[in-house]
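Thanks for coming. Please have a look at it first.

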Amino acid sequence: MPVFSRLKDVITSLGTPEAVSLERTNTAGGSNDEGVWVDGSKSVRPLAPTVVHPISGRDRNLLPEGVRTRETIVTFATEVLRTETDFKKLADVLLYRAEGEAETNRYVVQTVENWHGPSGHWRVFSTREPRG
């Protein structure tokens, strides 16, 4: 039986590999020579094994006021992510398809709690982008 010295070990052990992908905007967008907006470059890669679950009612108060009514997932990640509050358009987006769903949903990272010191991970709150 394995012995876990930190919660990070539990996340790595119980997390689903490649269940969540990280979309990161590497450069800010801007207007080209013709004055047309061009989005910044993006990269997508699997996020290290993570544990994902829906948000609880009490934790919803930790979200910024304008996004509290959106579908939200909580991810226990072993790396720090960029939030919409701090990075605006450069915020990280989690790509996640729940079991049984036909399509992958996009979740914008809203809040990251640093639990790295005591437990070796970050608790991440991400809200689903509206479809459209």
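How many helices and strands does the secondary structure of the chain come to? The answer is three helices and nine strands. Here helices (H or I, at least four residues) and strands (E, at least two) are DSSP runs, numbered from the N terminus.

Before going on, the ground rules. The model is predicted, so local features need pLDDT of at least 70 and side-chain atom pairs count only at pLDDT 80 or more, while totals for chains, interfaces and linings use all residues. Residues are numbered from 1 along each chain as its sequence is written, and side-chain values use heavy atoms, with hydrogens and water left out.

From the N terminus on, the order of elements is α-β-β-β-β-β-β-α-β-β-α-β. Of the 132 residues in the chain, 35% are buried; buried means under 20% relative accessible area, exposed over 50%, and partly exposed in between, with a 1.4 Å probe and protein chains only. The chain exposes about 8,100 Å², and carbon and sulfur atoms supply 51% of that. Those areas come from the Shrake-Rupley method with a 1.4 Å probe, and for residues only the protein chains shown count as cover.

Now the sheet. Seven strands form an open sheet, in the order β4-β1-β7-β8-β9-β6-β5, with antiparallel pairing. Two strands pair if DSSP finds at least two bridges between them. At the edges stand β4 (42-46) and β5 (51-54); each has a single partner strand, so one side of each is left without a neighbour in the sheet.

Four bridges join β5 to β6, residues 72-77, and the two run antiparallel. Proline 54 stands opposite isoleucine 73 in β6.

Five of its six residues are buried, so β1 is largely enclosed by the rest of the structure. β1 is joined to β4 by five bridges, with threonine 25 partnered by lysine 42 in β4. β1 also pairs with β7, residues 93-96, over four bridges, again antiparallel. There the bridge partner of glutamate 23 is valine 93.

Is aspartate 92 buried or exposed? It is buried, with a relative accessible area of 0%. Aspartate 92 sits in the loop between α2 (84-87) and β7. Its side chain makes a polar contact with the side chain of arginine 24, at 2.7 Å. A polar contact is a pair of N or O atoms within 3.5 Å; within protein, one must be able to donate a hydrogen and the other to accept it, and residues adjacent in sequence count only if both atoms are side-chain atoms.

Last, the aromatics. Rings of Phe, Tyr and Trp (its six-membered ring) pair if their centres lie within 6.5 Å; planes under 30 degrees apart count as stacked, over 60 as edge-to-face and the rest as tilted. By this rule there are two aromatic pairs. Phenylalanine 76 and tryptophan 115 form a tilted pair, 6.1 Å centre to centre with 45 degrees between the planes. Phenylalanine 76 is in β6 and tryptophan 115 in β8 (residues 105-115), 39 residues apart. Phenylalanine 76 is buried at 14%, whereas tryptophan 115 is partly exposed at 30%.

Tyrosine 96 and tyrosine 107 form a tilted pair at 6.4 Å and 55 degrees. Tyrosine 96 is in β7 and tyrosine 107 in β8, so this pair ties together parts 11 residues apart in sequence. Tyrosine 96 is buried at 17%, and tyrosine 107 is buried at 2%.
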